[in-house]
Amino acid sequence: MGSEVTFRIKRFDGEKSYWQTFKVPVYRGMTVLEGLYYIKENYDGTLAFRASCRMSVCGSCAIKINGKPRLACETQILSLGSSNIDIEPLDNFKVIKDLITDFEGFFKKHEHVKPYIIRKDDNYENPTEILQTPEQLYAYYDFTLCIKCGACYSVCPAAAREDYLGPAAITAAYRFNADSRDGGSEIRYALVCGDNGVWRCHFAAECSEVCPKQIDPAKAVQKMRVKAALHTIKSIFGW
Amino acid sequence: MKVQHDIVIVGAGLAGMRAAIAAAEKSRELSIAVVSKTYPIRCHSVCAEGGTAAVLREDDSFDLHAWDTIKGSDFLADQDAVELFVREMPKEILRLNSWGCPWSRLEDGRIAQRPFGGHSVDRTVFAADRTGFHEVHTLYERMLMYPNIVRYDEYFLTSLVIEDNEVRGITAIELKTGDLILFEAKAVILATGGAGRLYGFTTYSHTVTGDGMAIAYRAGVPLKDMEFVQFHPTGLVPSGILMTEACRGEGGYLRNKLGERFMQKYAPERMELAPRDVVARAMYTEIREGRGFEGPYGPYIALDLTHLGEDRINERLPLIRDAAMKFAGVDPVEEPIPVRPVAHYTMGGVHTNINCETTVKGLYAAGEVACVSIHGANRLGSNSTAECLVFGRIAGEKAAEYALSKEFRHAPQEAYKAEEKRIFDEFLGKSGDESAYQIKKELNETMDKNLWIFRRAEGIKEAIRKIKELKERYRNVEIVDRERKFNTDLLTAFEVGFMLDLAEVVAIGALNRTESRGAHFREDYPKRDDVNWLKHTLAYYTPDGPKFDYIPVTITKWEPVERKY
């Protein structure tokens, strides 16, 4: 109680980038997001950042905090163990304003892998109860927890080149391929084994390290690589 | 700039996305726009945790689900709407299942259900304690399959364009560029969610500021039953983050500082699983009478899950464990969670009929923004995500039918010009000496103090006076950020303006309603009064404040009786 930290924020106004510092009083449990709101409400209303749920499920507020991508809403200021907090927008995304980055391409890549159940017997009007045992559920469940916050993508060395699909999109493809209700695996293998796909991964595994949901996208990418290799061989030999 | 679509849906949470899919299924020829303030998967629906109610098995029936809902509503729900709702719900669960929702399962692979407050049987379908999150992602992903759905992510609604009482479209700011876009449309569906950020201690996301409600209200569409605000019993102290009712559905207890399961006194049959209004009042009474725990952030009640065991908690309540540890430093496996009732849901909203139609032709509303009403004076847990699915679908279908039968008519150019002038010439770059953030803070304080669980005339009058003062001060608000591009300062100023209008409707409606029903409890009128108040409130905008009217409740087969649990 009663202490103060210095937020050093990397700002961008559309033309130039600069650092600005703010003194923020902190209390136990106070989050970086609350610190950002404190600055916006008391010092500078022009500061731009995204936030919504403030309970780490919506994925809006991933930013770089002391060099590492994190969700601002779940990062306690005092847990950082420093009285200097450096705040920057995520890497590998184009900055629009201050901490707000352009996610359009990121969502397009997710869309590209057809991240939805593909079934021949899709019956909109009269659906039936498709069974799935707990065991079948747990085969893919952890990979459904991705909140698309972009943390993984921001640290991916391969994603520094713009066209790579990136860990989140490939994880989404894996999630659906591993779902017992889905029949679209072959379609997705074809989508992720192109030259913007799984072969571009360097196995740096930094994505898994920074994932706030501990999803292990690197594992999903690896699994997709093995399957995609088989798919490629099969399609070459026409099996 | 101008774009054209047959249907424009504003809001991309559960209701909006379900509406988009329904309209696209109706006809692949229709062009459907989904316009939303955030990326769809950043919507507030992702915060829904516990589940979605539906009759799936032999031990349940439509009549029982309807009766539980109507009794839960303290008889203010329209019974024809409730009957429709419960009948349509099971198919929605199965649709989400075939679209990939990772429902929690029974050993044999069927969809599992859990107990919930006010429901007579285990009726709540769930995906661990992340139900809303998974439902949102499932609908979003499904939506990607339809080429005739076009998304406009991060666009901020500023007005409805209406001519001759028919909707012609909307205007919205594209946040990335700051440009005002005119969306011309034959039909518009509002699905912008509730108004929970009127309150300071709340489960709501920062983005839930009642935009659609306020814009419809200002355009002449009446708001219904706005005085009914739900207080969820278990908000995490101090943040207000939702600790799902499923904590109690899975067997958790509420205890006072004497260690007593005090619900014994208030609802001996249902105990912790009485409806939310009953439990919230009981908790607040315990606190007021000095039996709450004292903590650094004020008094609280203990939500005790310790007897459930680590495995059960990890399987059924993983988000709760994670959130309690991260945001309160408490591991629920080891010790009880500190909780207090928290503003959670807006029962009222844009007045619609059973077809989601508003008083303006071609304008529909669905989900929390709307009031059909199936929740009446108190919503049952797991009926809100359900409502979004059923009435989202209905709104999508009705809007599609309407759009298919209708010739396109252009929106009047003057409407766009006037809006552009209002926003960029008169509002943006405005000087003044009031801060929108300070006004919001004071609004939150007065709502938390005077329009909370227990209400009295004096307190409500104080709030009304305060809201009027804030509205006056708001005229002098300064927008510090002068740029058009992603101007979140401008957005906040808009949102605070919306909230002031809505707060006034809530407060005056609450003062007028001299009875206690569901979530609206007047200490000076502690009894339900069916003779005078078995009716819906309608509030109409006027420049001098809301004008009120009342309409009857639809009763099909369940006459109001005393409500005991």
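1. In strand β21 of chain B, the bridge partner of Lys535(B) is Pro552(B). This pair belongs to a predicted model, and every point below should be read with that in mind. Strand β20 (residues 535–540) of chain B and β21(B) run antiparallel and are joined by six bridges. The hairpin of β20(B) and β21(B) has six residues between the strands, and Gly545(B) takes a positive phi near 115° there.

2. Is β21(B) buried or in the open? Strand β21 covers residues 547–552 of chain B, and of these six residues the number buried is zero, so the strand lies largely in the open.

3. Chain A has an open sheet of five strands, in the order β2-β1-β5-β3-β4, with mixed pairing. As background, strands of a sheet pair through backbone hydrogen bonds, and the pairing may be parallel or antiparallel. The edges of the sheet in chain A are β2 (17–26) and β4, each of which pairs on one side only. From one strand to the next, the twist averages 35°. Helix α1 (residues 32–42) of chain A packs on this sheet and touches β1 (3–12), β2, β3 and β5 of chain A. The direction of α1(A) makes about 105° with that of β2(A).

4. Strand β3 (residues 62–65) of chain A can be followed to its partners on both sides. With β4(A), strand β3(A) pairs in the antiparallel sense over four bridges. With strand β5 (residues 84–88) of chain A, β3(A) also pairs in the antiparallel sense, over two bridges.

5. How is chain A divided? Domain 1 of chain A spans 3–101 and domain 2 spans 104–237. Taken over C-alpha atoms, the centres of the two domains of chain A are separated by 30 Å. Their contact takes 14 residues from domain 1 of chain A and 13 residues from domain 2 of chain A. On the side of domain 1 of chain A that touches domain 2, strand β4 (residues 68–71) of chain A gives the most, with four residues. The residues on that side of domain 1 of chain A divide into seven nonpolar, three polar and four charged.

6. Two helices of chain A, α6 (residues 185–192) and α8 (residues 217–237), have axes that come within 9 Å and cross at roughly 100°. The angle range for roughly perpendicular is 65 to 115 degrees, and α6(A) and α8(A) are therefore roughly perpendicular to each other. On the α6(A) side the contact is made by Glu186(A), Tyr189(A), Ala190(A) and Val192(A), and on the α8(A) side by Met224(A), Lys227(A), Ala228(A) and His231(A). By class, the residues of this contact of α6(A) with α8(A) are five nonpolar, one polar and two charged.

7. Gly197(A) sits in the loop between α6 and α7 (206–210) of chain A. Is Gly197(A) buried or exposed? Gly197(A) has 24 other C-beta atoms within 10 Å and is buried. Leaving aside neighbours within four places in sequence, Gly197(A) is in contact with Leu165(A) and Val192(A). Val192(A) is also one of the α6(A) residues in the contact with α8(A). The C-alpha atoms of Gly197(A) and Ala169(A) are separated by 9.6 Å, and the two residues are 28 residues apart along the chain.

8. How many residues does each chain give to the contact between chain A and chain B? Chain B gives 40 residues and chain A gives 42 residues. On the side of chain B that touches chain A, the elements giving two or more residues are α3 (79–98), α4 (131–143), α10 (318–328) and α15 (488–512) of chain B. Helix α3(B) gives the most to that side, with five residues. The side of chain B that touches chain A has 16 nonpolar, ten polar and 14 charged residues.

Notes
Residues are numbered from 1 along each chain as its sequence is written. Chains are lettered from A and ligands numbered from 1 in the order in which they are written. This is a predicted model: local features need pLDDT of at least 70, side-chain atom pairs count only at pLDDT 80 or more; totals for chains, interfaces and linings use all residues. Domain bounds come from an automatic or database domain assignment. Two residues are in contact if their C-beta atoms, placed from the backbone, lie within 7 Å. Ala, Val, Leu, Ile, Met, Phe, Trp, Tyr, Cys and Pro count as nonpolar, Asp, Glu, Lys and Arg as charged, and the others, Gly among them, as polar. Axes are lines fitted to C-alpha atoms, for helices over the stretch in contact, and angles run from 0 to 180 degrees between N-to-C directions. Angles under 35 degrees count as roughly parallel, over 145 as roughly antiparallel, 65 to 115 as roughly perpendicular and the rest as oblique. Two strands pair if DSSP finds at least two bridges between them. A residue is buried if 20 or more other C-beta atoms lie within 10 Å of its own, exposed if 12 or fewer, and partly exposed in between; C-beta atoms are placed from the backbone.
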